[in-house]
Every structure is written in C-alpha cells, then in structure tokens.
Amino acid sequence: MTNVAIVYYSATGNIHKLAVAAAEAAEKAGAQVRLRRVAEIQEATIAPNFTEWTEAFQEHVGGSSREVEIATQDDLDWADAVIWGTPGRYGAMAGPLKHFIDQTFELHARGGLKNKAMSSFTSTGTQHGGQESTVLSLSNVFYHWGAIIVPPGVTDPIMVAPSNGNPYGVSATSGLQAVPGLLAQNVTEDNLKAVGYQTVRTLQVAEALKQGLGN
C-alpha cells in the first residue's frame with residue numbers, strides 16, 4: 001500500500017476544501033492517507049479588518065478544522081507521496097507552510113525526502129494572483145530535496161475545464177469577498193475533481209517509483 005500525506009495550510013477554508021477532496025481521492029484509489037494541516041504561527045489573523053478572514057481564522061484555530069491533525073516531520077518521513085496545498089501570498093507559499101518546511105532540515109540531511117513524489121495546489125483571490133509562481137515556490141523546495149515533481153499537466157480533460165487550466169498544479173480562484181464590487185468565486189466542483197485527479201496521478205507515480213526503486 002502506498003502512503004500519501006496531504007499537507008496544507010488554509011486561511012479562509014478554500015485550501016481545506018481542496019485538501020479534503022485530495023484525501024478522499026487517494027483513499028478511493030487504495031492509498032493509506034494522512035490528512036494534515038500545518039500549525040498557525042501567530043495568534044491573530046493577518047487581516048483583522050476583513051470580517052471573512054477573521055471568522056475563518058477563528059474557525060481554523062478553534063473550530064471544526066481543528067479536527068484535522070497538525071502535520072509533523074514524521075508524516076513526511078512516512079509518506080511515499082506528499083500533496084501540498086497553500087494559498088498564494090504575493091506569488092509565494094503562505095508563511096505557516098514555509099515555517100513547517102524550514103523544520104525539515106534533519107530529515108532532508110539524511111536523505112529522507114529524496115525520490116518521494118510531490119505535487120502542489122493553490123488558491124488565490126484573483127485569477128492572476130500569482131497562482132503559478134506560488135506552485136513554483138514549492139517546486140523550488142522539492143528540487144533541493146531531490147523529490148520527484150508530479151504536475152497534473154494537460155493530461156486529462158478536467159485540467160482544461162473553465163475554472164482550472166493550470167498545468168503546474170490545480171489552482172482555484174476564491175474571490176476577495178471583502179472587496180466591494182468584486183464577484184466572489186469559491187472552490188468549484190471542477191476544482192475538486194481536478195485536485196482529485198492530480199492526487200491520483202501523483203499516487204500512481206509514487207507507486208511506480210516504489211516498485212522500480214525497490215527492484
């Protein structure tokens with residue numbers, strides 16, 4: 001059985017929705033799955049004047065999403081494949097996820113992350129809000145680890161659905177609900193299907209690596 005870890009940070013709930021869909025797809029495909037969220041690194045929301053962000057932050061640190069276990073380095077060591085999720089922050093991954101990654105030094109130093117299949121997904125407030133560069137910011141980390149990057153590519157019709165279309169990694173457009181006049185577009189059904197496809201594709205590559213390197 002192939003081990004898959006879904007490791008994510010979600011500020012307003014959109015990445016959480018995608019992560020849950022990824023975990024469900026991996027389980028359906030027969031993998032052993034750990035759904036994990038990274039811990040917050042501060043005690044208050046970064047957008048105190050945005051009601052939606054404040055409510056989401058309170059839910060994240062004290063509500064139902066606390067049912068998801070906090071990610072540890074053991075989860076990365078255990079996994080054959082890791083699917084990463086993060087909102088975009090000025091074209092890069094969110095701070096809490098970077099903080100978690102910064103703790104991987106000892107695991108990386110002993111080669112504990114090499115040859116693992118890795119893939120990532122994101123969500124930004126606008127369609128051109130740095131989605132591709134956010135995914136690439138994670139890929140830069142994977143290069144250092146010697147991990148195997150598995151992009152979804154344009155390898156399935158779901159990847160060219162109107163709300164998808166990013167071959168780097170599934171990218172949702174959440175909408176900036178607190179900005180007057182800007183239409184909110186939350187995670188779509190096509191986004192959820194696409195992240196499921198991306199997860200299964202990564203799982204398949206991990207299985208092939210596991211069998212090939214085992215021989």
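A residue is called buried here if its relative accessible area is under 20%, exposed if over 50%, and partly exposed in between, for a 1.4 Å probe and protein chains only. The structure is a predicted model, in which local features need pLDDT of at least 70 and side-chain atom pairs count only at pLDDT 80 or more, while totals for chains, interfaces and linings use all residues. Residues are numbered from 1 along each chain as its sequence is written, and side-chain values use heavy atoms, with hydrogens and water left out.

Two rings of Phe, Tyr or Trp (the six-membered ring in Trp) form an aromatic pair if their centres lie within 6.5 Å; the pair is stacked if the planes are under 30 degrees apart, edge-to-face if over 60 and tilted otherwise. Across the whole structure, 4 aromatic pairs are found. One of them joins Trp 84 to Phe 100 in a tilted arrangement, with 6.3 Å from centre to centre and 50° between the planes. This pair links distant parts of the chain, since Trp 84 belongs to strand S4 (residues 81–89) and Phe 100 to helix H4 (residues 95–101), 16 residues apart. Helices (H or I, at least four residues) and strands (E, at least two) are DSSP runs, numbered from the N terminus. Phe 100 is buried as well, at a relative accessible area of 5%.

Trp 84 also pairs with Phe 142; the ring centres are 6.2 Å apart and the planes meet at 40°, so this pair is tilted. Here strand S4 is linked to helix H6 (residues 131–145), which holds Phe 142, across 58 residues of chain. Both partners, Trp 84 and Phe 142, are buried. Ring pairs join Trp 84, Phe 100, Phe 142 and Trp 145 into a cluster.

In soluble globular proteins, nonpolar side chains tend to be buried together. A nonpolar core is taken as a set of buried Ala, Val, Leu, Ile, Met, Phe, Trp, Tyr and Cys residues joined through side-chain atoms within 4.5 Å. The largest such core in this model has 28 residues, and those with the most contacts inside it are Val 4, Ile 6, Leu 18, Phe 121 and Val 195. At least two residues each come from strand S1 (3–8), helix H1 (14–28), S4, strand S6 (117–124) and helix H7 (189–214). H1 gives the largest share, 7 residues.

Helix H6 also carries Leu 136, which counts as partly exposed at 35% relative accessibility. Leu 136 and Gly 91 are 45 residues apart in sequence, with 9.0 Å between their C-alpha atoms.

The lining of the second largest pocket also draws on this helix: H6 and strand S8 (171–173) each supply at least two residues, and the largest share, 3 residues, comes from H6. By class, this lining has 1 nonpolar, 12 polar and 1 charged residues (Ala, Val, Leu, Ile, Met, Phe, Trp, Tyr, Cys and Pro count as nonpolar, Asp, Glu, Lys and Arg as charged, and the others, Gly among them, as polar). Gln 127 lies in the loop between S6 and H6 and is exposed, at 55% relative accessibility. The C-alpha atoms of Gln 127 and Ser 171 are separated by 8.6 Å, although the two residues are 44 apart along the chain.
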